[in-house]
Amino acid sequence: MSSISLHSLNQKMQNLGVHFYYSGYITEQMLLSVGEALKKPAIFAHADKKVRQTAFALFVEQIQNIMNYSFERCTLDDGTEFGRGVIAMGEEGDRFYIDCGNPVAISDVARIDAALQDIQALDRPELKAQYRSRLHGAIPDGSKGAGVGLIEIALRAKSDFSFGFVELDEKRAFYNLKVYI
């Protein structure tokens with residue numbers, strides 16, 4: 001990439017209100033480093049402490065989704081795996097957001113889409129009940145945990161979240177989840 005192209009990308013990100021952008025493999029160290037920056041007024045400089053705390057929690061959940069579920073993976077000799085994805089954090093008007101995306105298997109799109117639509121249809125008390133139920137229930141198909149990550153994201157979001165899928169090829173789709181704080 002030339003300096004001119006990189007400058008153009010930087011200008012576009014600034015015009016879109018993006019304060020932080022990363023694309024690549026997500027490592028535990030990257031999670032910890034950016035997480036530390038979120039605890040301080042580094043990325044969301046003029047946000048209050050509560051917004052930064054919420055941003056931190058949402059960032060961790062979304063990054064864990066990339067680490068655990070990205071279709072594109074890198075495995076080291078010691079067996080450590082990393083998922084590939086993108087994350088952007090910024091502002092739109094008076095709202096802060098965290099926007100993450102990663103490739104997923106085409107075969108998982110319908111399940112993820114249905115789960116997110118179900119979560120969007122719930123109000124706050126219903127989300128809390130669903131969260132408690134999932135903690136004590138069986139692990140959902142395709143989940144690497146209790147299946148509460150997306151519910152927790154919805155509970156922490158200040159307002160609604162948006163999501164979408166773009167088919168990349170016959171095996172993969174790009175999954176995107178944008179959460180407002």
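Which residue meets Glu81 in a salt bridge between side chains? In this predicted model, for which local features need a pLDDT of at least 70, side-chain atom pairs count only at pLDDT 80 or more, and totals for chains, interfaces and linings use all residues, the partner of Glu81 is Arg73, with an N to O distance of 2.6 Å. Residues are numbered from 1 along each chain as its sequence is written, and side-chain values use heavy atoms, with hydrogens and water left out.

The protein chain contains 6 helices and 6 strands, both taken as DSSP runs numbered from the N terminus, where a helix (H or I) has at least four residues and a strand (E) at least two. Followed along the sequence, these elements are arranged in the order α-β-α-α-β-β-β-α-α-α-β-β. The chain is as compact as a globular protein of its length, because its radius of gyration of 17 Å is close to the 16 Å that the globule rule gives for 181 residues; the radius is taken over C-alpha atoms, and the rule is 2.2 Å times the number of residues to the power 0.38. Along the principal axes, the C-alpha atoms of the protein chain fill a box of roughly 50 × 40 × 30 Å.

Of the 181 residues, 38% count as buried, a class defined by a relative accessible area under 20%, whereas exposed means over 50% and partly exposed lies in between (1.4 Å probe, protein chains only). The accessible surface of the protein chain comes to about 10,300 Å², and 53% of this area belongs to carbon and sulfur atoms; the areas come from the Shrake-Rupley method with a 1.4 Å probe, and for residues only the protein chains shown count as cover. Among contacts (heavy atoms within 4.5 Å) between residues at least 6 apart in sequence, 65% join residues at least 24 apart.

With regard to charge, the chain carries 20 positive and 23 negative charges, the mean positions of which are 6 Å apart. In this count Lys and Arg are positive and Asp and Glu negative, while His and the chain ends are not counted; each charge is placed at NZ of Lys, CZ of Arg, CG of Asp or CD of Glu. Side chains of opposite charge can pair when their charged atoms come close. The structure holds 7 salt bridges, each defined as a side-chain nitrogen of Lys or Arg within 4 Å of a carboxyl oxygen of Asp or Glu.

Glu72 takes part in salt bridges with Arg84, at 3.6 Å from N to O, and with Arg172, where the closest N and O atoms are 2.6 Å apart. The latter pair links distant parts of the chain, since Arg172 lies in strand β6 (residues 172-180) and Glu72 in the loop between α3 and β2, 100 residues apart. Glu72 is partly exposed, with a relative accessible area of 23%, and Arg84 also counts as partly exposed, at 30%. In the salt bridge between Glu81 and Arg73, Glu81 is partly exposed at 41% relative accessible area, and Arg73 is partly exposed at 28%. Salt bridges that share partners join Glu72, Arg84, Asp169 and Arg172 into one network.

Three further positions were examined individually. Thr27, found in the loop between β1 (18-26) and α2 (28-39), counts as partly exposed at 23% relative accessibility. When residues up to four places away in sequence are not counted, Thr27 touches Met67 and Phe82; Thr27 and Met67 are 40 residues apart in sequence, with their C-alpha atoms 7.5 Å apart in space.

Thr75 is placed in strand β2 and counts as partly exposed, at 49% relative accessibility. Leaving aside neighbours within four places in sequence, Thr75 is in contact with Thr80 and Glu81, whereas Thr75 and Gln120, 45 residues apart in sequence, are 34 Å apart from C-alpha to C-alpha.

Lys158 lies in the loop between α6 (149-156) and β5 (161-167) and counts as exposed, at 66% relative accessibility. Apart from neighbours within four places in sequence, Lys158 is in contact with Tyr180 and Ile181, while the C-alpha atoms of Lys158 and Phe71, 87 residues apart along the chain, are separated by 29 Å.
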